Amino acid sequence: MTEESPSSRREFLVRTAKAGLAVAASGALGLLLHNREARRPPVTLVPTHRDLSVPQPAGFPRIVMVRGPSPRAITQAAIRELGGMKAFISRQDIVVIKPNMAWDRVPQQAANTNPEVIQALVELCYEAGAKEVRVTDVSCDEARRCFQRSGIAAAAQAVGARVILPEEHLFREVALGGEVLDRWPVFVPFLEADKIINVPIAKQHSLTRVSLALKNWYGILGGVRSRLHQQIHESIADLAAFMKPTLTLLDAVRILVHNGPQGGSLDDVHQLNLVAASVDQVAVDAFGVTLFGYQPTDFRYLILAEARGLGTTRFEELKLKQINL
Amino acid sequence: MNAAEKQAAGKASVKPGLSLRRLRLLSQTVFLLLFLFLLVQTAHRGSFRQVPEPIRLSYPVKIFLELDALNAVATVLSTHSLYRGLLWAVLVIMATLLLGRFFCGWLCPLGTLNHLFGATRRSEPSPKYIERNRTRPWQSLKYYVLFGLLVAAALGTLQIGLLDPISLTLRSLALSLLPALRYLLFELLDAIYELRIPFLWLPADYLGRALRAAIFTPNPTYYRVGWLLGGIFLTILLLNRLIPRFFCRAICPLGALLGLLARFSLFGLEKNHEQCDDCNLCLLHCQGAASPQGGVKWRAAECTLCLNCQDVCPRDVLHFRFFPNLRTSVALQPDLGRRGLLTGVFAGLAFLPLARVSPGVEKNSHPQRIRPPGAVAEEEFLARCLKCGECMKVCPTNALHPAWFEAGLEGLWSPVLIARVGYCVDSCVLCTQVCPSGAIQPLSEEEKLGQAGKRPVKIGLAFIDRGRCLPWAMATECIVCEEHCPTSPKAIRLEEVVVTRPDGSKIKVRQPYVDVERCWGCGICEYKCPVRDRAAIYVTSVGETRSLTNRLLLPERRVS
């Protein structure tokens, strides 16, 4: 016997009720959470396409090639000849400019898009009334070094662009709806943009022989994109089908003719002082391969893209304009 | 005096204004914050305003390591010279000779953290808290540890970094706790973000961006065996709850060294024994367990100069001053037992031969012992590397990791490159800029890449595993290693061949070959290889420039 009464009736009832509740709650919770399936239900994604193209105003050439000593001036001239930036950018648009900023290289090495070309485009977008211009890429090398050493981040930010690093949390799983590309993580700024301007640099590449505008779309993807090389032509065509840009401007101020796509030596670089711009991304690439002495029909990804109605490889048959400044 | 009186006395004795104790507190705060600031700055964050070249750190991030007297003394023993910025440590040594262990109580970041975790509230003069601050025989352990480490250093193997408080703290924070904190914070922020509550996700987004830009790296970093580094550090901090500053009192070899130097110190605690009524408030607040109370001599070698005792003494017994009375008040020499010392020396003597009878340094070196560019030859490296983790923290691709046993027992936590996690950026020399002890020699970009007629610095060589390589074994196109190879001309060349697929059809693929002359072992091929679990191309250390023995080809052929 204890010295005090161990429990009154009231205490007995309260303790029994508490214990009973705890037992009932654990049982209910167990049943509630019970599941025979260890896997999470698969998330279904609706295949999407990013068609950001804008009809070009009548009377202007479909493709423009401008040659001249100033990267800035030839960029401005190319856009003006296509109809002017105002024809493509609406007020309050969020514009994403996609340079090739993949490599830890300086501008002279011609592995990344020319920073002056990017700067000129940012200015033109703001003049056309863009709300915000974002400049970004999913680099192959370490992104901060690529952004800094390419000179693009500094050039773009100096004229008010927002430079966005490809941070891990900024990717979203997307159903690309391609033949070989099904689900892939895509960098969010490319999903949120109102308008996109693709600004590749022309470079040699050992698998596709040349890396131009369509290959530049690799830079919107995260994940292990080195797997794409196994069916590179189909992958590129899939990406081009997924992403239709507002404008494409090929930077051939300097082109990389050996050791692409990252070069490293100035011996690998040819200076052409040229840009080409169009609303037809396939046509830009078709013209681009000729800079390396190839025919567009030598490129399976161009044939695939044309067959899917993404543009034309016969760029000479378009209304075109060549200018020397 | 009863407890209430003691408490009142303790409170009353807190002198207003800028007492020396408050100055000490300020100094601890400032140096801890400086330490953390420099730790966070040991990274390339990218500048969108700067002109492209060259990329260097803006702050003297290794200064705490250079102020570390143990680093200076031990590397002098192991290399017979005082390397560059370690000359700063001489200032600390000179000041310690005059003042005693001020470094421990005023500067040392681990000392400050231990102090913080072991802090007792001023109003708790219970016997339990008083007793744990009495001088104990086991406090001599740190001297034996020190002797062991110094003997090992004199024999040519630098192991001080395992226990040196600066290296220990840097390594633990940089390679374990900071990445772990990042993980925790961003999981939380992601969870908040996912809730999609309008007034919550925007601040969470901005906070995340600010944290990434100012403190953490944009993408998470991973360090091998990071859990162990953090676990050891947290254990050290938690031990303070049992015995305040346990690490400082019993283990810290830097504290031991400074304690030995304090025997010449002119500054110390003068005691007016007659005035003491044994209230033991001084003991309650003593950081070093240095016998501040009346009736015994104060121990210069144990005191961290926190000055608490002088501040809390209600009776005017204790005064820090120059030239205190050696006969009545001060014991300058630490309590050193001959047996303990001999054990320490013996352990130090035994370590090197035991470590080196296992193959590793010269014979049968580990193929994954890939050192950063600029690393000196392995024997010299082991005599210099502090295992501080600076190079691993600064590496922009997370390529450098604390070694487990690739470099033998001696090389534990020294840097090795794990190319599956990160690769050596060809134009980056940051690790060579932050090494405080010359284990990695400073390199310019030109020296590293071997421009201007020089050969590039090789850290290893790539090998192709033809059984796993897609074009070699699976009749599938790839070329990813060649595409990413940064040398010009490329160190991976392709040969076009026609191979047969399983269904009997023919396909043209390009099979990669490594050019042994041009490859310098950066590891980007291994990093980017699409065969995810174990890459079909991998780097090993053979051919490294720093070694005369771990070579593959005769060295005289020239790179065109």
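Modeller: Two strands pair if DSSP finds at least two bridges between them. The strands themselves (E, at least two residues) and the helices (H or I, at least four residues) are DSSP runs, numbered from the N terminus. Before the example, some conventions: residues are numbered from 1 along each chain as its sequence is written, while chains are lettered from A and ligands numbered from 1 in the order in which they are written. The model is predicted, and local features need pLDDT of at least 70, side-chain atom pairs count only at pLDDT 80 or more, and totals for chains, interfaces and linings use all residues.

Biologist: Which residue of strand 13 of chain A is the bridge partner of A:I63?

Modeller: The partner is A:S278. A:I63 belongs to strand 2 (residues 63–67) of chain A, which pairs with strand 13 (residues 269–278) in the antiparallel sense over five bridges. Strand 13 of chain A also runs antiparallel to strand 12 (residues 247–256), to which eight bridges join it. There the bridge partner of A:T248 is again A:S278.

Biologist: How many helices and strands does chain A come to?

Modeller: Chain A has nine helices and 14 strands. Its radius of gyration (taken over C-alpha atoms) is 27 Å, well over the 20 Å that the globule rule gives for 325 residues, so chain A is more spread out than a compact globule. That rule is 2.2 Å times the number of residues to the power 0.38. Along the principal axes, the C-alpha atoms of chain A fill a box of roughly 110 × 45 × 40 Å.

Biologist: How are burial and contacts read?

Modeller: A residue is buried if 20 or more other C-beta atoms lie within 10 Å of its own, exposed if 12 or fewer, and partly exposed in between, with C-beta atoms placed from the backbone. Two residues are in contact if their C-beta atoms, placed the same way, lie within 7 Å. In chain A, 51% of the 325 residues count as buried. Of the contacts in chain A with a separation of 6 or more, 75% are between residues 24 or more positions apart.

Biologist: How many helices and strands has chain B?

Modeller: Chain B has 24 helices and 10 strands. Its C-alpha trace spans about 100 × 65 × 45 Å along the principal axes, and 49% of its 560 residues count as buried. The domain assignment (bounds come from an automatic or database assignment) gives chain B domain 1 (3–44 + 54–162 + 241–331), domain 2 (168–233), domain 3 (360–448) and domain 4 (461–540). The centres of domain 1 and domain 4 of chain B, over C-alpha atoms, are 57 Å apart.

Biologist: Is B:G344 buried or exposed?

Modeller: B:G344 counts as buried because it has 24 C-beta neighbours inside 10 Å. This glycine is in helix 17 (residues 338–357) of chain B. Leaving out residues up to four places away in sequence, B:G344 touches B:Y144, B:V145, B:F147 and B:G148. Its C-alpha atom is 8.6 Å from that of B:V151, 193 residues apart along the chain.

Biologist: And is B:S126 buried or exposed?

Modeller: B:S126 is exposed, with 10 other C-beta atoms within 10 Å. Its place is the loop between helix 7 and helix 8 (127–131) of chain B.

Biologist: Why is helix 7 of chain B called largely enclosed?

Modeller: Seven of the nine residues of helix 7 (residues 109–117) are buried, so the rest of the structure largely encloses it. B:L110 and B:L113 are among the buried ones. They pack against several helices of chain B, including helix 2 (20–41) and helix 10 (165–195). Helix 14 (residues 253–261) of chain B is also mostly covered, with eight of its nine residues buried. Its cover includes helix 4 (69–79), helix 5 (88–99) and helix 9 (141–155) of chain B.

Biologist: How many residues of chain B are in contact with chain A?

Modeller: 40 residues of chain B are in contact with 34 residues of chain A. On the chain B side, helix 23 (residues 480–484) gives the most, with four residues. That side divides into 17 nonpolar, 11 polar and 12 charged residues. Here Ala, Val, Leu, Ile, Met, Phe, Trp, Tyr, Cys and Pro count as nonpolar, Asp, Glu, Lys and Arg as charged, and the others, Gly among them, as polar.

Biologist: What ipTM and pTM does the predictor give the complex?

Modeller: The ipTM is 0.92 and the pTM 0.93. The per-residue value is pLDDT, the predictor's confidence in each residue, from 0 to 100. Chain B has a mean pLDDT of 91, with 94% of its residues at 70 or more. Over residues 1–15 of chain B pLDDT stays under 50, and the model has 23 contacts beyond four places in sequence for them.
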